[in-house]
Amino acid sequence: MAGSQRKVANLTANRAKRLPQSDIAQHKTQLNFGGQKAELWCEGGEKQFLINMITESASFKHQVLWFSSLVSKAENVKPCYQLLTHLGAQTIETIQMSQGNKQTRVLAWSFLAPPQRELWTKSRP
């Protein structure tokens, strides 16, 4: 909630810099995402969402080449690596991304060893 309030305050401040004072009242602050309630939050937050996703991915480890998830909070990466290692992930990669002040990352993992991934790729059209 605090993060959302900070974001709204920053968006409002930026809008005030860009728009003439008379136009600001016409623009209502809106969330920059949409979706159903179950799509927008998870009991336990991002960390629990990632734990659930990683745990479920192990059930499909021989059917999927790569799994991936966006990770907003940097502190959630280390517990994910620990869980993935425990579950037997063969390769774990983190792709850092940034735009302006916003930093995020994509966590990608595979339960297949590199030779298995190569065979998997060759067996698909």
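F67 is buried, with a relative accessible area of 12%. Like everything below, that value comes from a predicted model. The residue counts as buried because 12% falls under the 20% cut-off.

How many aromatic pairs does the structure hold? There are two. F67 and W109 make a stacked pair, with 5.8 Å from centre to centre and 15° between the planes. This pair links distant parts of the chain: F67 lies in strand β1 (residues 67-71), W109 lies in strand β3 (residues 102-110), and 42 residues separate them. W109 is buried too, because its relative accessibility is 0% and the cut-off is 20%. F67 also pairs with F111, and here the geometry is edge-to-face. The centres are 6.0 Å apart and the planes make 75°. Again distant parts of the chain are linked: F67 sits in β1, while F111 sits in the loop between β3 and α6 (114-122), 44 residues apart. Both F67 and F111 are buried. Together, F67, W109 and F111 form one aromatic cluster.

β1 and β3 pair in the antiparallel sense over five bridges. On this side, V71 has R105 in β3 as its bridge partner. Strand β2 (residues 91-99) pairs with β3 over nine bridges, also in the antiparallel sense. Here M97 is partnered by T104 of β3, and S98 by Q103 of β3. β2 and β3 form a hairpin with two residues between them. G100, in the turn, has a positive phi of about 65°.

What of the nonpolar core? In soluble globular proteins, nonpolar side chains tend to be buried together. The largest nonpolar core in this structure has 14 residues. I54, L84, I92, L107, W109 and F111 touch the most other members. α4 (45-57), β1, α5 (77-87) and β3 each supply at least two residues of this core. Which element gives the largest share? That is α5, with four residues.

Leaving aside neighbours within four places in sequence, I92 is in contact with Y81, L84, T85, L107, A108 and W109. Of these contacts, Y81, L84 and T85 fall within α5 (77-87). L107, A108 and W109 fall within β3 (residues 102-110).

One further aromatic residue deserves a look. The charged end of R124 sits over the ring of W120, 4.0 Å from the ring centre.

Technical notes. Residues are numbered from 1 along each chain as its sequence is written. This is a predicted model: local features need pLDDT of at least 70, side-chain atom pairs count only at pLDDT 80 or more; totals for chains, interfaces and linings use all residues. Side-chain values use heavy atoms; hydrogens and water are left out. Rings of Phe, Tyr and Trp (its six-membered ring) pair if their centres lie within 6.5 Å; planes under 30 degrees apart count as stacked, over 60 as edge-to-face and the rest as tilted. Buried means under 20% relative accessible area, exposed over 50%, partly exposed in between (1.4 Å probe, protein chains only). A charge sits over a ring if NZ of Lys or CZ of Arg is within 6 Å of the ring centre and within 35 degrees of the ring normal. A nonpolar core is a set of buried Ala, Val, Leu, Ile, Met, Phe, Trp, Tyr and Cys residues joined through side-chain atoms within 4.5 Å. Contact means heavy atoms within 4.5 Å. Two strands pair if DSSP finds at least two bridges between them.
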